[in-house]
Amino acid sequence: MLKIALVLATLFFSRDSRREIEERIEHSLKSMPRVSSVSGTVTFAKDDFFFLQDGDEALKILHNKTISPKPGDVVSASGRPILEGGRLVLEAADLKKVGSSQLPMARSALSDQLVYAEGGERDINWLRVEVTGRAMGLTENGFSLDIKGLPVSVAISEIPDFIEDCKTTHPEVSVKGVAELFLDQSVLFGRDRYVIGVRICVVSPEDVILKPDIGYFVRKRERRIMTGLIFVVVILGVGLLVLAFFAERHKRMRLGAEAVMGERKRMADDLHDTIEQNLAGAGMLLKLARMPQNNLPDVVDRTLQEAQDVLLRSKHEMRDIVWGLKNDDMMRLHPCEAIAKLSLTETRKGLFKVRSRIKGLPQDMTPSQLRDLSLIIREAIGNATKHGGARKIAIVSNALNNGWWRLCIANDGEAFDRSSVPGPDQGHFGLEGMNERARRIGAKLDFSTKRGWTIVTVEGKA
């Protein structure tokens, strides 16, 4: 009943040229009589076409949606044949549902039947078949299948769950559906009829069956284990990052608190060891000057002078403490960076030029030690400009081979004579303060003159 292609059977053995064959095809299609009646069971249906099978014969029917056939319906159709995909199909003008039936039994199809349309009994085009292969990946309308190296497209509206991850697991499946073979139209009426595309149209997910495939289950298990491991690693990584963040934050807060407490202790020590003691000493001297037994003018003058010297020393010490507080951030830099910054600050005053080449200072110098070293340099610069009239100052430091470090402050002012420099008795405490700070950082302080330059040298143990 479905042997429409026999109308053009005489053309299969034609030896004419391609142009002549195409002309004869066009003429035959135009002169082909209307098919009075074609009937069979619907094996697969879409909006504008369906496949009809009757025994070992099958046909693709195109229609204009006069009815909506479903798989299992028995349908009668009539219309004219047209050419599509290298095959003759029926463009139905009239469709009628005449009953229902079970779907035809799916016949097993081998890979060689999918690549070459032989005609006759072995031609499986539009028949319901069963094929076996590995699912390779999802497509827009279903998934792709590999049947012994042959790529096959599987069209299905609802994809089974085990096909969802087929791109990585490649399960072996058995598929039941309608085979549609696409031919090259230029060779349709020659002797060779090679297939250029294969599609299996599947009705329901139950027609896609997972084969007993140990490899698939192993791959799926490995994939789940790997996914679990990745999840655990990500969670552990995030947890470690969070712990590291809070640990670093706690460390910074602790170090900040320790720095604040250390600074407070240093300030308390400075105030106690210098300002408080000096003020107490000045108070005692003033009290002695007021005692009746000390009312002699020379005794009173000498006592008041000593009190004045103590107060001047307190003023000097307070000035240094305030300077240290103002430059506390600088004291937390690397010693080389801090001294270089101090040199730049002094240069910006515009009264003299300070050149520096700082290196070799110990990195583990504490802020308190660095503050004392900075005050030594600051005092040396002040003395050079105030008392020596210097206009050029150089600060150089380097590391010595014996584990010591040396820092030199040189100026071009008047030669320095330590014996003529006023001391505490005259109310000047600069050199005394420099020596005291050098002792606190475990360094030695030396003064020398070379080639017109006065040099203050500080040497300490790294």
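1. In this predicted model, the structure holds one cavity of 30 Å³ or more, and about 40 Å³ of space lies in the largest cavity. Ten residues line the largest cavity, and those lying nearest its centre are Glu84, Arg87, Trp126, Glu180 and Leu181. Strand E5 (87–100) and strand E10 (172–183) are the elements that give two or more residues to this lining, with E10 supplying the largest share, three residues. Sorted by class, the lining has four nonpolar, two polar and four charged residues.

2. Ten salt bridges are found in the structure.

3. Two of the salt-bridge pairs sit within a single helix. In helix H4 (residues 214–289), Glu248 and Arg252 lie four residues apart, about one turn of the helix, and their side chains meet in a salt bridge at 3.3 Å, N to O. Glu248 counts as partly exposed because its relative accessibility is 35%, whereas Arg252, with a relative accessible area of 59%, is exposed. In helix H8 (residues 430–440), Arg439 and Glu436 are three residues apart, again about one turn, and their side chains meet at 2.6 Å, N to O. Here Arg439 counts as exposed at 55% relative accessibility, while Glu436 is partly exposed at 33%. An α-helix has 3.6 residues a turn, so residues three or four places apart point the same way.

4. Because Glu459 lies in strand E17 (residues 453–461) and Arg406 in strand E15 (residues 404–411), the pair ties together parts that are 53 residues apart in sequence. Glu459 is buried, since its relative accessible area of 18% is under the 20% limit, but Arg406, at 30% relative accessibility, counts as partly exposed.

5. Helix H7 (residues 367–386) has a length that agrees with expectation, because its 20 residues should span 28 Å at 1.5 Å a residue and its end C-alpha atoms are 28 Å apart. Its buried residues include Leu370, Leu373, Leu375, Ile376, Ile377 and Ile381, and also the charged side chains of Arg371, Asp372 and Glu379.

6. As for the cysteines, a search of the whole structure finds zero disulfides. Cys166 counts as buried, with a relative accessibility of 1%, whereas Cys408 counts as partly exposed at 21%.

Key: Residues are numbered from 1 along each chain as its sequence is written. This is a predicted model: local features need pLDDT of at least 70, side-chain atom pairs count only at pLDDT 80 or more; totals for chains, interfaces and linings use all residues. Side-chain values use heavy atoms; hydrogens and water are left out. A disulfide is a pair of cysteine sulfur atoms within 2.5 Å. Buried means under 20% relative accessible area, exposed over 50%, partly exposed in between (1.4 Å probe, protein chains only). On a 1 Å grid over the protein atoms alone, a cavity is a set of points where a 1.4 Å probe fits but cannot get out, and a pocket is an open set with protein on both sides within 12 Å along at least five of seven lines; lining residues have an atom within 4 Å of a point. Grid points are joined across faces, edges and corners, and a volume is the space filled by probe spheres set on the points. The expected span of a helix is 1.5 Å times one less than its number of residues. A salt bridge is a side-chain nitrogen of Lys or Arg within 4 Å of a carboxyl oxygen of Asp or Glu.
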